[in-house]
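Please read the points below alongside the sequence and the structure.

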Amino acid sequence: MSEDQVDGLGMSRPRDANYGLDVMDLRKIMEHHKHEGYEYIQEKYGGVLELCKQLYTSPNEGISGSPVDLEDRRKTFGSNVIPPKPPKTFLQLVWEAIQDVTLIVLIVAALISLGLSFYPRSEGEGSDSSESEAGWIEGVAILGAVVVVVLVTAFNDYQKEKQFRGLQSKIEHEHQFSVIRGGQDKNIPVGEIVVGDIAQVKYGDLLPADGLLIQSNDLKVDESSLTGESDHVKKGVKTDPMMFSGTHVMEGSGKMLVTAVGVNSQTGIIFALLGASSEEGDKDKKKEKKDKNRLKGEEGNGVLSSDADTKVDIDSITPVITGNNSHNNATNANNKTANQGEEDEKEQKAKVETARKEKSVLQGKLTKLAIQIGYGGTAVAVLVVLILIVKFCVIEFGIEGKSWGADDTAIYIETFVFYFIIGVTVLVVAVPEGLPLAVTLALAYSVRKMMDDNNLVRHLDACETMGNATAICSDKTGTLTTNRMTVVQSYIGRAHHKSTPNFNSLAPPLQDLIVRSIAINSGYTSRVLPDKDGGLPQQLGNKTECALLGFILDLGQQYYPIREEVPEEALFKVYTFNSVRKSMSTVINMKFGYRLFTKGASEIVLKKCNYILDCDGKPKPFTMEDQEKVVKNVIEPMAGDGLRTICVAYKDYHTDSSTKTEDSEEILKPDHDWEDEDSVVRNLTCILVVGIQDPVRDEVPASIKQCQSAGITVRMVTGDNVNTARSIATKCGILTPHDNFLVLDGKEFNKRIRDAKGEVSQELLDKVWPDLRVLARSSPQDKYTLVKGIIDSKKSSSREVVAVTGDGTNDGPALKKADVGFAMGISGTDVAKEASDIILTDDNFTSIVKAVMWGRNVYDSIAKFLQFQLTVNCVAVMVAFFGACIINDSPLKAIQMLWVNLIMDTLASLALATELPSPELLKRKPYGRTKALISRTMTKNILGHSIYQLIVVFVLLFAGNNLFEIDDGKYAKIHAPPSQHFTIIFNTFVMMTLFNEINARKIHGQRNILEGLRRNPVFIGIWIGTFVAQIILVQFGGTVFSTKALTLDQWFWCVFLGVSTLLWGQIITTIPTSVIPKNICRKRKTPEVEDEEEEEVEEVDGMPGRRGQILWIRGLARLQTQIRVVNAFQMDFDTSQLDSYDKRSRPSVISLQSLQSAQHRSAISKKPNLASSPEIDEGNNRSPLFGRQDSIPYADE
């Protein structure tokens, strides 16, 4: 035995032998497609089984899986990862942070001030030596503050990139795939798959590597991600054995030999081409600057790494795109040049359109708020500068009659620069650039914590959107129930058994048919294994099938011997389960011909039964009257008990009429079409009907009650029959005995919502959905119609925000249409996960409720910070403005305002964004889409605290010198030494702000502002740290911070005035909110006006907008940088910005992303029409799964 082998099972390459194929040979195989590929393999290699031998793998037992063998295969054929682009360096992030226009203006002003301070002055200019010595300090201090701002911003961005790369890596690791190694079925992370692995593909899988089919059952694949064609491609070992990474298995199952991974797979090749194309584009731009007439060069790809990976030759690559893919790279490059301008324009429009569609509720509100604040801040800043300059000129040249001499130029320019710095600083303070940081921190913190609550967030904005949810459309199985299924009732031989029957009491024909029909007509990946600790048996695979297999075990029989007798490869034909047929059928060879086994939804399969086995196991006619009796006396009582009913049937097809013995058997016609399922699965003989119990999760009724008290309507959408659904809904609390809510099945639902032409009518749907609580026997299309109808409805005052759960491949449209799509982490298919926003790692409804709580917490965290921030900004701006008007100076110096702006904003955002959610969040209704971000209560708090703080500051400004018996600090010269008077004003303002931070923790008028404070150590630590920093700054800041040390007495008064903010807050809470006019927080607009405003904002974000607006939305610009995190989960692959983090390629091979925008830049011969691309035209052919234009990342991301 080779040392590489494990337990003698599986294969590995002997040390003295080489693989029979290399990377290039395998790539050449994958360049063929459909039947041509099968013929090529047969001619050159003698078939897939011969390929297995050359790759030292067994089609039944796989590779050995030993570490040595795995490493050997990775070294030879490459690993299943696409190396990501390196993250931005800290210096690059610093450079990005310093691009902020306001910071640049401050730097220029500070440099001018610094330069003028060294300008030699005549003695007659009237400044003493201390003033001239201090002249340079302010310029240096402002530059220092800017450096700190830039470094803090860059550090935050660096931390976020690092954190979300880790999160992305975790999500990627969550995506696993089933392979056979050492004769054992194993689920391994997709990144660990190697060439030679035998992968088990099944319905709903997203293929992680390229491969060749060894065995298949009714396999259909969606290759629209490669071809753009929405039609499903039927796969077969002889018809089309080629399987490509990034494609979706829509039906059936099979086994494939992995032939290409990582950069050598089709996904990897396209990524490699795209990476090469991007670098070429960057280098071309540099070359064009040097020589416009010089041809564009084509240079290396910069993506590939490792020995095996570097074997990819970019020039020789032709991605396998089914269709006309014969155009060479040169032709593509020519097309690129010809259509560049037009394509770029289209891309820009598509990009802006996509951005508008993807904007979340919170982002939209923050954008509008940032613009409003920006306009106000700019107006005040300009006014301050104008007033200071005009007033100075009037006094200096008008009243005092001075003239502008050559010797006075320096002092006058320095004065104007000083005023200009005050104006810019007012603008800096006016715009709450701590807001984007608060958004980012709140989202990042919540996402991290939500992972502990079994919510794996894939789109960050889904986190806060969930807080606004008004409706949840939930699956039943596994979400509301335990998904631990067991057969508790059965109908066998026309006898209804309420418990497991005695197997020996059944007739021998019945015994054989029951065991064989269940063992063979179930997915062979579904198994029931004994628990090692003696607990309940372990169910692997489809839970309904596991229940049936468990029923065989309960009867004292075994299903393994049957499967060994009839291995999966020996099955003649398999019609896999799907949501349309709601049944599964398998055809096997028999001596007399063929036998068909069928199982599925009881009422559907029973309708196809013309016979039923009696107690002796003999087929007897099964008339319509008999069917109605079984439905009424057996199926309905089972469903009434909340049981899922499954019917199992069979049919024999004889090739020779002489072997036929029963009327239920049929003679097979010579030209019988096995592909026509309807003609095969008919005139069946019923073997048994079982009732499967799936208990409601213990915690679900309480969770649904929480949702209802939180103003969220829970609806159950299930494929089970009406009676089962009604029973479970009642147990969950969705239905109560005295409610008049609707319970419909799919047929009745469609009847009610469709007009005379058979089309869905929104008007008719609006009559149904408000009262609908249970939709049973529903198809995925019914679920999509319901979700779309609720979202599009204008029946309620504000648009409904809908969350949907889904696990199947066909749930994709509903998951995408929903505001928040939840995929099942355990039972969900890869396609469902890809279409979702959040993955429930425990498939539990309770986790959805936790997501609602976290979403509301995010929203509240932002609102808390806004309340705090706007109070600070309002007071600082007003003080600067009135100070400029009255005393020609701002009581709060530029450097002091920068300190408040930086430290208070950054630290306060961290403190307020890390509040843990409390159960009281679920005791109020959702905010809704149209509710203003700043509520009336918040407005009352902001105005109330601003008034208090302004009164205190102005009393100190005009009477402080008398109250404290200190020198007057008003009307001081530009570089006069700091005074205790203005230091007291500054210190009191900071103290009031610090204590108001505690007030800001409550935004709904609660009196107990300290409630829950101990649960937030971050807040306590930051608050104490800021207080200590303020003491150091005041006592030792000196000229740099324009402060003079205060006495203990003065400190006492500063702190007292700060603490009084808490008492003042209680007085404000007493004032009824009704005193604030309703429309003060909300400017009503028509939808058209809102759309225009949004479009204008997006233009500023994108590029084309008016340049001057950048100053007005400094916070928005910072938002664009800092909330890049959101895009980290939506990375559209735009090569024009390939180097930016939110446009970077993904590490995992199966992350085939939006490559549409790269058509004219890449060397791909035909544009891969990716369904997940936001740039897809509405008219394009595509899979119905990808109806929404959002960028949908894959489940591994």
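**Notes on the predicted model**

1. Arg773 lies over the face of Phe741, 3.8 Å from the ring centre.

2. Residues are numbered from 1 along each chain as its sequence is written, and side-chain values use heavy atoms, with hydrogens and water left out.

3. The protein has 37 helices and 27 strands (DSSP runs numbered from the N terminus: helices are H or I of at least four residues, strands E of at least two). Of its 1197 residues, 59% are buried (buried is under 20% relative accessible area, exposed over 50%, partly exposed in between, with a 1.4 Å probe and protein chains only). Among contacts between residues at least 6 apart in sequence, 75% join residues at least 24 apart; contact means heavy atoms within 4.5 Å.

4. A search of the whole structure gives 22 aromatic pairs (rings of Phe, Tyr and Trp, the last by its six-membered ring, with centres within 6.5 Å; planes under 30 degrees apart are stacked, over 60 edge-to-face, the rest tilted). Phe392 and Phe416 form an edge-to-face pair, because their ring centres are 5.8 Å apart and their planes stand at 85°. This pair links distant parts of the chain, with Phe392 in helix H11 (residues 361-399) and Phe416 in helix H12 (residues 409-430), 24 residues apart. Phe392 is buried at 13% relative accessible area.

5. Which residues have the most contacts inside the largest nonpolar core? They are Val384, Val426 and Phe986, in a core of 65 residues. A nonpolar core is a set of buried Ala, Val, Leu, Ile, Met, Phe, Trp, Tyr and Cys residues joined through side-chain atoms within 4.5 Å. Elements giving two or more residues to this core include H11, H12, helix H28 (845-887) and helix H31 (980-999). Leaving out residues up to four places away in sequence, Val384 touches Ile422, Val426, Ala880, Phe881 and Ala884. A second, separate core has 62 residues, among them Tyr445, Val457, Phe845 and Ile848.

6. Helix H25 (residues 780-792) has 13 residues and spans 18 Å from its first C-alpha to its last, close to the expected 18 Å (1.5 Å times one less than the number of residues). Its buried residues include Asp782 and Lys783, along with Leu786, Ile790 and Ile791.

7. Asn454 has a positive phi of about 65° and is in the loop between helix H13 (434-452) and strand S8 (455-457); at 25% relative accessibility Asn454 is partly exposed. Glu965 has a positive phi of about 50° and is in the loop between H30 and H31; at 73% Glu965 is exposed.

8. Gly1005 is in the loop between H31 and H32 and is partly exposed at 34% relative accessible area. Apart from neighbours within four places in sequence, Gly1005 is in contact with Thr937 and Thr1069.

Technical notes: Predicted model: local features only at pLDDT ≥ 70, side-chain atom pairs only at ≥ 80, totals over all residues. Lys NZ or Arg CZ within 6 Å of the ring centre and 35° of its normal.
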